[in-house]
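This briefing concerns the packing of secondary-structure elements in a single model. Please consult the sequence and the structure shown below while reading.

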Amino acid sequence: MTDKSRILLLLPTRTYRAADFLDAASKLDVEVVVASEEAATTADLSPRHTLVLDFSAPTVATQAILEFDDTYPLAAIVGVDDDTTLLATTASEALGLPHNPVASAKATRNKYLLRDTLAANGVSVPTYQRFSICDDPTEIVGVGSSNPYGTDTQVSFPCVIKPLSLSASRGVIRADTPAEFIEAFQRTTKLLHALQAAAEGNSQEHVSQYLLVEDYIPGIEVALEGILLDGELKVLALFDKPDPLEGPFFEETLYVTPSRLSVDVQDALHRATAEAAAALGLQHGPVHAELRYNDNGAHLIEIAARTIGGLCARTLRFGTGMSLEELVIRHAIGQPVEALQREQQAAGVMMIPVPKAGILGEVRGKTDAHRVDGIVEVSITIPIGGEVVPLPEGARYLGFIFARAETPVLVETALREAHRQLEFVILPCRRDL
């Protein structure tokens, strides 16, 4: 094994992605060093193959990576989730490895900074403002005893309230009226205050003091998976989201590819993503974008310098069966990926929503769900006895259902039928009794 084929994987302890990335590295026969926030994740690996890093302190963590590289030179650094994007960029810059500009990585990790950067570089964005979580929402919308209807509001309706850095639509709420805005603002800030309290004394957790309020963008929503090759965007997959995402919460469920949208619409979505990536200065590696399309064209909602989250990458295969993780590692170590195309067969995933809060007591119907034609995997990712919390406060789905078939319609049908076979017994939490 040569030093040229050693890579550093930044794997948060809470990620779903560890096994898939390690399997991809094994198939490529590259030496892997696993870095995580806690030693437990990598306890079965030798010291030369593990690092414990604070992902939220990129300067300190980068120094640790530089010292490790002095003894065990690294060919690439791959961050797998949002928590690792900035460190992967900072450390790659310090080692002289291919990377995005640090400012670009920072912009993708902060929704307000993202909007600011896009707007400053000529990309159309919705009207947006930043507010402190300590602000009084009644003052923002001008509601008081003398003005109960909020006619002196600082925001327009409908609007969407968003935490600056949480993912998977956590804390994101639509408001159509001043009263709904006040309720939504209080609910999101309560979540952020709770996360701040939980993070006290933990240097690895940082919660923003601010949130974003922006105009609601109507239209169909899609997800685009791509990879940047010297600044050029190669689209790896475009996912339709068949379930409408209109609020008040934005719980994603179905992703199906290839898209059933027209070629013209798909091209517009591609161009909008490429325009945003260029405006942000992104040049290298995977990107995952969320966009909407309406009568006014394509609109970027968010873009991240990483691959798709959760286990959703399992929907994607390239060439003769290559995983997305393998494609990303190949690109990171300098192997060509330009010619790789997604398989022709349609595929999709359902992120199983949480119907109510409580404790997961039992999952029924898994065998029947597996038997549905087209279903290839049913993965329940919350253990029996684990707490489940629905959006907008929740951070985890119950699991994932995967399907493959000849057409997107058959994939969607299979996913919905498999979900109907499942029954989740959710018990009250002790504190609710």
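**Helix packing and sheet architecture**

Helix α1 (residues 18–28) and helix α9 (residues 324–332) have axes that come within 8 Å and cross at roughly 60°. The model is predicted. An open sheet of four strands is also described, with the order β5-β8-β6-β7 and antiparallel pairing.

**Contact of α1 with α9**

- At a crossing angle of roughly 60°, α1 and α9 are therefore oblique to each other.
- The crossing of these two helices, α1 and α9, is right-handed.
- On the α1 side, the contact is made by D20, F21, A24, A25, K27 and L28, and α9 contributes E325, E326, I329 and R330.
- Classified by residue type, the contact of α1 with α9 has five nonpolar and five charged residues, and no polar ones.

**The four-stranded sheet**

- In the order β5-β8-β6-β7, the edge positions are taken by β5 (128–132) and β7 (173–175); each has a single partner strand, so one side of each is left without a neighbour in the sheet.
- On average, neighbouring strands of this sheet are turned by 25° against each other, direction ignored.
- Strands β6 (residues 159–163) and β8 (residues 210–215) run antiparallel and are joined by five bridges.
- Within this pairing, C159 stands opposite D215 in β8.

**Helices on the sheet**

- Helix α5 (residues 111–120) packs on the sheet and touches β5, β6 and β8; the direction of α5 makes about 150° with that of β5.
- Helix α7 (residues 178–199) also packs on the sheet, where α7 touches β5, β6, β7 and β8; its direction makes about 10° with that of β6.

Key: Residues numbered from 1 in each chain as written. Predicted model: local features only at pLDDT ≥ 70, side-chain atom pairs only at ≥ 80, totals over all residues. Heavy atoms only, no water. Axes fitted to C-alpha atoms, helices over the stretch in contact; angles between N-to-C directions. Parallel < 35°, antiparallel > 145°, perpendicular 65-115°, else oblique. Left-handed = near helix turned anticlockwise from the far one by under 90°. Contact = heavy atoms within 4.5 Å. Nonpolar A, V, L, I, M, F, W, Y, C, P; charged D, E, K, R; others polar. Pairing = 2+ DSSP bridges.
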